[in-house]
Amino acid sequence: MASKSSNSPALLLSIILTLVVGINGGGISVYWGQNGNEGTLADTCASANYNIVNLAFLSVFGNGQTPVINLAGHCNPSSGGCTGLSSDIKSCQASRVKVMLSIGGGAGNYNLTSADDARQVATYLWNNFLGGHSSSRPLGNAVLDGIDFDIEGGTTQHWDDLARYLSAYSSGGKKVYLTAAPQCPYPDAWVGGALQTGLFDYVWVQFYNNPSCEYSSGNMGNLEDAWKQWTSIPAGQIFLGLPAAADAAGSGFIPASELTSKVLPAIEGSAKYGGVTLWSRYYDDQTGYSSSIKGSIISSNVILLCEKIQ
């Protein structure tokens, strides 16, 4: 009688369940840093609701400017007050939560004037937030996992150069993850070109404040059309970017019950489906949105993985 294969479906399913359930947040990323009342970064990661946290924002950089990080009421970087976040960042990473630095934002002052300007910004980011060395690292000696491009102004040029320069640092050791937050009208006016480099690991598309491609009152058509376009780009995983509360954005909020019953089933079949990204931790803390959808996202990932091994 032949012995059972070590690759039996039952064994593989058991391994998959263990791996998926062990992932913090099951495919939910979140923005943290723009409201001093949203709790600490360490508590955010300890909630086990997220697998990626974007620190928002490095809001001033490029064109010869001295870069400035703005974390609202959490700390004052000008006095070195944000270096204490280093221990929180390490705590997150110890819990397998990636921590990204989000550059840009809706109210920043940033601009790339040339490929050389992009190179200089990449060098600054590497030395001050990633694996390089600087005597004035704003967040202390913790090494962040990568850079998030939340570009909503400035110039439409040279973001592809910045992505290439940052990606090149991965060859020296620890991988530098690249993520982006384009608007859902395709292609994005700001980082559409950069995304064509194929260098971005995760893309959280903002399906809010953009009525032309949002879900609205049970109508999936606009969202599905935009989702199909976004999942065709040469990137790793695509996330559905949503507000975590009705008052977190001008439009685009999807009640949790409708997200889990109507929206996720329509998009999760994509090979590039990564999950959901929320704006922001503050609003999520008020509504419990991530807690209410987390189980559905984990269940969806288990089902998809099981289908792939059958």
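A residue is called buried under 20% relative accessible area, exposed over 50%, and partly exposed in between (1.4 Å probe, protein chains only). The structure is a predicted model, in which local features need pLDDT of at least 70, side-chain atom pairs count only at pLDDT 80 or more, and totals for chains, interfaces and linings use all residues. Residues are numbered from 1 along each chain as its sequence is written, and side-chain values use heavy atoms, with hydrogens and water left out.

Disulfides were searched for across the whole structure, and three were found. A disulfide is a pair of cysteine sulfur atoms within 2.5 Å. Cys45 is bonded to Cys92, with an S to S distance of 2.0 Å. The torsion about this S-S bond is about 90°, so the disulfide of Cys45 and Cys92 is right-handed. Cys45 lies in helix 2 (residues 41-46) and Cys92 in helix 3 (residues 85-94), 47 residues apart. Helices (H or I, at least four residues) and strands (E, at least two) are DSSP runs, numbered from the N terminus. Both Cys45 and Cys92 are buried.

Cys75 and Cys82 form another disulfide, with sulfur atoms 2.0 Å apart. This link is right-handed, with 95° about the S-S bond. Cys75 is buried at 14% relative accessibility, and Cys82 is buried at 0%. Cys184 and Cys213 are also joined, their sulfur atoms 2.0 Å apart. Their S-S torsion is about 80°, so this disulfide is right-handed. Counting bonded cysteines along the chain, the pattern is 1-4, 2-3, 5-6.

Aromatic rings were examined next. Rings of Phe, Tyr and Trp (its six-membered ring) pair if their centres lie within 6.5 Å; planes under 30 degrees apart count as stacked, over 60 as edge-to-face and the rest as tilted. The count by this rule is 19 aromatic pairs. The ring centres of Phe61 and Tyr110 are 5.4 Å apart and the planes meet at 5°, so this pair is stacked. Phe61 is in strand 2 (residues 52-61), and Tyr110 is in strand 5 (residues 109-110). Both residues of the pair Phe61 and Tyr110 are buried. Together with Phe149, Trp159 and Phe200, they form one aromatic cluster.

Trp159 also belongs to the largest nonpolar core, which has 76 residues. Such a core is a set of buried Ala, Val, Leu, Ile, Met, Phe, Trp, Tyr and Cys residues joined through side-chain atoms within 4.5 Å. Trp159 is among the residues with the most contacts inside this core, as is Phe149.
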